[in-house]
Amino acid sequence: MPTTIFDQPFQPLSCDGCRDPSQLPFDFTMAFQPIVDVETGRPFAYEALVRGLAGESAASILGQVNDTNRYRFDQACRVRAIDQAAELGLSSLPNCRLSINFLPNAVYRAETCIRATMQAAKRAELDHGRLMFEVTEGEQVRNPAHLMSIFAEYRRQGLITAIDDFGAGYAGLTLLARFQPHVIKLDMEFTRDIDQRPVQQAIVSGVVLICRRLGITTIAEGVETAEESACMTSLGVRYQQGYYFARPMIGELPLA
C-alpha cells in the first residue's frame with residue numbers, strides 16, 4: 001500500500017528554522033487586511049496574506065509550493081505572520097486577532113506542528129488565544145478525519161478555528177456538520193451584489209441562523225460596496241472584510 005503524507009516521518013521545525021528564508025527555494029512576505037466589526041468600526045482581526053517580496057500575488061507564491069516544501073512553507077507562513085504583525089503593533093490593539101491561513105495537508109500531527117507557532121507567539125508577546133487559523137474550503141482535504149483532529153487540538157490549545165471561503169469549495173454544510181469551528185467566512189460569491197439578489201440574501205440568512213444556533217461567528221468576505229455591507233449587516237453579519245474597508249497592505253495594519 002502506498003504511503004500518504006500522513007505516514008511520512010518529519011522533523012518539527014523551531015522558530016528560527018521557520019524564519020530562515022534559505023530553508024525554502026523562494027522568499028515571501030505578508031500583507032495584512034482588516035476584518036472589521038461594523039458595529040464599532042474597528043478591526044476585529046487582521047488576516048495575514050502571502051505576497052511576493054515585490055508585492056507579487058499570492059498565486060505566484062503558492063504556485064511554487066509542492067509536496068517537498070509544503071510543510072516547511074506552512075510553518076514559515078505562521079511564524080512570519082506572527083513576527084510581522086507583532087512588529088506592526090498588533091499586540092497593542094485590544095482584543096484584535098491575527099488570522100492565519102493554514103494548509104491541512106501540510107499538518108502531520110497537530111500537537112507537534114503547532115509548537116513553532118506557539119513559540120513565535122510567546123516570543124512576540126502575543127496571546128496565543130488571539131490567533132485564528134483558517135482552513136480554506138477550496139483546498140480539497142485528503143483526510144477529513146485528520147482535519148477534525150487538527151481542529152480539536154487547536155481548540156484544546158486555546159486557538160480560534162475558522163473555515164474560509166465557506167460555501168464555495170468541496171463540502172459546504174457537510175463540512176460544517178462534521179465539526180463546528182469558532183468562525184466561518186462566507187465566500188465572496190455570496191457577498192457580490194447581495195443587496196440586489198434575494199436568493200443570496202435567503203441563503204446567507206439561513207447560514208447565519210444555523211451559525212447562531214451553533215455558537216459560530218460569521219464573517220462576510222469580499223465586501224466592495226456600501227450597499228453590500230449594509231445588506232450583510234441587516235442579515236446579521238457583524239464582521240466584514242473587503243476592499244470597501246481596506247485593501248491588503250504590506251508593512252502596515254490598515255485602519256489600526
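**Note on the predicted model**

1. Start with the surface. Leu 173 belongs to helix α7, which spans residues 173–178. Together with Ile 210 and Leu 214, Leu 173 makes up a nonpolar surface patch. The three residues have about 260 Å² of accessible area together.

2. Overall picture. This is a predicted model. The chain holds 10 helices and nine strands. Of its 256 residues, 51% are buried. The chain exposes about 11900 Å², and 50% of that comes from carbon and sulfur atoms. Among contacts with a separation of 6 or more, 71% are between residues 24 or more positions apart.

3. Aromatic pairs. The count is nine aromatic pairs. One of them is Phe 28 with Phe 73: the ring centres are 5.3 Å apart and the planes stand at 65 degrees, so the pair is edge-to-face. The cut-off for that label is over 60 degrees. Phe 28 sits in the loop between α1 (15–19) and β1 (29–37), while Phe 73 is in helix α3 (residues 70–87). The pair thus links distant parts of the chain, 45 residues apart. Phe 28 is buried at 1% relative accessible area. Phe 73 is buried too, at 2%.

4. Aromatic cluster. Five residues deserve a look as a group. Phe 102, Phe 133, Phe 151, Tyr 154 and Phe 179 form one aromatic cluster.

5. A salt bridge to helix α3. The chain has 13 salt bridges. In one of them, Arg 80 pairs with Asp 27, with the closest N and O atoms 2.6 Å apart. Arg 80 is in helix α3 and Asp 27 in the loop between α1 and β1, so the bridge ties together parts 53 residues apart in sequence. Arg 80 is buried at 11% relative accessibility. Asp 27 is partly exposed, at 28%.

6. Arg 192 and Glu 228. Their side chains form a salt bridge at 3.3 Å, N to O. Arg 192 lies in the loop between α8 (188–191) and α9 (198–214), and Glu 228 in helix α10 (residues 226–234), so the pair ties together parts 36 residues apart in sequence. Glu 228 is buried, with a relative accessible area of 2%.

7. Arg 197 and Asp 193. This salt bridge has its closest N and O atoms 3.9 Å apart. The cut-off is within 4 Å. Arg 197 is partly exposed, at 38% relative accessibility. Asp 193 is partly exposed as well, at 27%.

8. Glu 153. Helix α6 (residues 144–156) contains this residue. Glu 153 has 12% relative accessibility and therefore counts as buried, the limit being under 20%. Its side chain makes a polar contact with the side chain of Arg 156, at 2.8 Å. Beyond its neighbours within four places in sequence, Glu 153 touches Ala 110 and Glu 111.

9. Ala 124. The residue is in the loop between α5 (115–123) and β4 (131–136). Ala 124 is buried, with a relative accessible area of 18%. Which residues does Ala 124 contact, leaving aside its neighbours within four places in sequence? They are Ile 82, Ala 86 and Ser 91. Ala 86 is 38 residues from Ala 124 in sequence, yet their C-alpha atoms are 6.0 Å apart in space.

Conventions
Residues are numbered from 1 along each chain as its sequence is written. This is a predicted model: local features need pLDDT of at least 70, side-chain atom pairs count only at pLDDT 80 or more; totals for chains, interfaces and linings use all residues. Side-chain values use heavy atoms; hydrogens and water are left out. Helices (H or I, at least four residues) and strands (E, at least two) are DSSP runs, numbered from the N terminus. Buried means under 20% relative accessible area, exposed over 50%, partly exposed in between (1.4 Å probe, protein chains only). A polar contact is a pair of N or O atoms within 3.5 Å; within protein, one must be able to donate a hydrogen and the other to accept it, and residues adjacent in sequence count only if both atoms are side-chain atoms. Contact means heavy atoms within 4.5 Å. Patches are made of residues with over 30% relative accessible area and no salt bridge: like charges are joined within 9 Å, nonpolar side chains (Val, Leu, Ile, Met, Phe, Trp, Tyr) within 5 Å. Accessible areas come from the Shrake-Rupley method with a 1.4 Å probe; for residues, only the protein chains shown count as cover. Rings of Phe, Tyr and Trp (its six-membered ring) pair if their centres lie within 6.5 Å; planes under 30 degrees apart count as stacked, over 60 as edge-to-face and the rest as tilted.
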